[in-house]
Amino acid sequence: MTQTSDNVTWLTQEAYDKLKGELEYLSGPARTEIAAKIAAAREEGDLRENGGYHAAKEEQGKQELRVRQLTQLLQHAKVGEAPADDGVVEPGMVVTIAFDGDEDDTMTFLLASREYASGDIETYSPQSPLGVGVNGKKAGDDAEYELPNGKKAMVKILSAKPYSS
């Protein structure tokens with residue numbers, strides 16, 4: 001899926017195509033739609049107290065920020081293969097862990113950047129404390145990571161499989 005090093009983000013072809021499609025939509029039809037909303041709100045009169053106008057301008061700002069983010073991401077992206085199904089935790093893998101080695105207390109998540117976050121599966125960044133702790137480990141390995149309160153937590157890697165959307 002994705003691995004960031006030296007401003008390079010590794011993407012599968014599928015992920016690259018999805019992000020490129022989003023960028024094309026936001027740069028084309030979405031810009032036209034927001035411009036029409038702004039124009040319609042502007043015609044309502046006094047802009048100082050025009051909630052619709054201010055909301056549309058805020059939406060436009062968020063949209064333009066996403067366009068810049070996607071443009072930069074895609075400019076620095078390298079398209080490659082999905083990770084191998086070798087049980088090694090790396091970006092693009094669905095990882096199942098057991099907290100403190102207790103196989104009744106487990107969690108499954110996708111190790112990837114936020115561009116892949118979806119309602120289907122919880123996503124953790126490779127740069128997050130948990131992501132750093134498990135990255136490079138194999139099924140059966142123990143990993144340690146730092147909690148927000150500064151304490152350490154132990155997990156056991158139960159499985160790591162390539163993500164398929």
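Tutor: Axes are lines fitted to C-alpha atoms, for helices over the stretch in contact, and angles run from 0 to 180 degrees between N-to-C directions. The model is predicted, so local features need pLDDT of at least 70 and side-chain atom pairs count only at pLDDT 80 or more, while totals for chains, interfaces and linings use all residues. Residues are numbered from 1 along each chain as its sequence is written, and side-chain values use heavy atoms, with hydrogens and water left out.

Student: Got it. How many helices and strands does the chain have?

Tutor: The protein chain has 4 helices and 8 strands. Both are DSSP runs numbered from the N terminus, with helices (H or I) of at least four residues and strands (E) of at least two. In sequence order the pattern is β-β-α-α-α-β-β-β-β-α-β-β.

Student: Now the packing. At what angle do the axes of H1 and H2 cross?

Tutor: Roughly 30°, and the axes of H1 and H2 come within 3 Å. H1 and H2 are therefore roughly parallel to each other. For that label, angles under 35 degrees count as roughly parallel, over 145 as roughly antiparallel, 65 to 115 as roughly perpendicular and the rest as oblique.

Student: Which residues make that contact?

Tutor: Glu24, Tyr25, Leu26 and Ser27 of H1 meet Pro29, Ala30, Arg31 and Glu33 of H2, where contact means heavy atoms within 4.5 Å. By class, 4 of the residues in the contact of H1 with H2 are nonpolar, 1 is polar and 3 are charged. The classes take Ala, Val, Leu, Ile, Met, Phe, Trp, Tyr, Cys and Pro as nonpolar, Asp, Glu, Lys and Arg as charged, and the others, Gly among them, as polar.

Student: And how are H2 and H3 oriented, parallel or antiparallel?

Tutor: H2 (residues 29–42) packs with H3 at about 160°, and their axes are 8 Å apart. That makes H2 and H3 roughly antiparallel to each other. Their crossing is left-handed, meaning that the near helix is turned anticlockwise from the far one by less than a right angle (clockwise would be right-handed). Residues in the contact include Ile34, Lys37 and Ile38 of H2 and Tyr53, Ala56 and Gln63 of H3. The contact of H2 with H3 counts 7 nonpolar, 3 polar and 6 charged residues.

Student: What about H1 against H3, what angle is that?

Tutor: About 145°, between H1 (residues 13–27) and H3 (residues 51–75), with axes 10 Å apart. H1 passes H3 in a left-handed crossing as well. Tyr16, Leu19 and Leu23 are among the H1 residues there, and Gln63, Val67 and Leu70 are among those of H3. The class count for H1 with H3 is 8 nonpolar, 3 polar and 3 charged.

Student: Gln63 keeps turning up. Is it buried or exposed?

Tutor: Gln63, in helix H3, is buried, with a relative accessible area of 9%. Buried means under 20% relative accessible area, exposed over 50% and partly exposed in between, using a 1.4 Å probe and protein chains only. Leaving out residues up to four places away in sequence, Gln63 touches Leu26, Ala30, Arg31 and Ile34. For contrast, Arg68 also lies in H3 but is exposed at 53%. Ala35 of H2 is partly exposed at 41%, and its C-alpha atom is 8.5 Å from that of Ala56.

Student: Changing topic: how many residues are in the largest nonpolar core?

Tutor: It has 16, and Ile97, Phe109 and Val134 have the most contacts inside it. A nonpolar core here is a set of buried Ala, Val, Leu, Ile, Met, Phe, Trp, Tyr and Cys residues joined through side-chain atoms within 4.5 Å. Elements giving two or more residues to this core are strands E4 (93–99), E5 (106–111), E7 (142–146) and E8 (152–162), plus helix H4 (129–134). A second, separate core of 11 residues includes Leu19, Leu23, Leu26 and Ala77.

Student: What does Val134 touch?

Tutor: Val89, Ile97, Phe109, Ala143, Val155 and Ile157, again without residues up to four places away in sequence.

Student: Last one: where does Leu11 lie?

Tutor: In strand E2 (residues 8–12). Leu11 is buried, at 2% relative accessible area. Its C-alpha atom is 6.1 Å from that of Lys78, 67 residues apart along the chain. Across the protein chain, buried residues make up 35% of the 165 residues.
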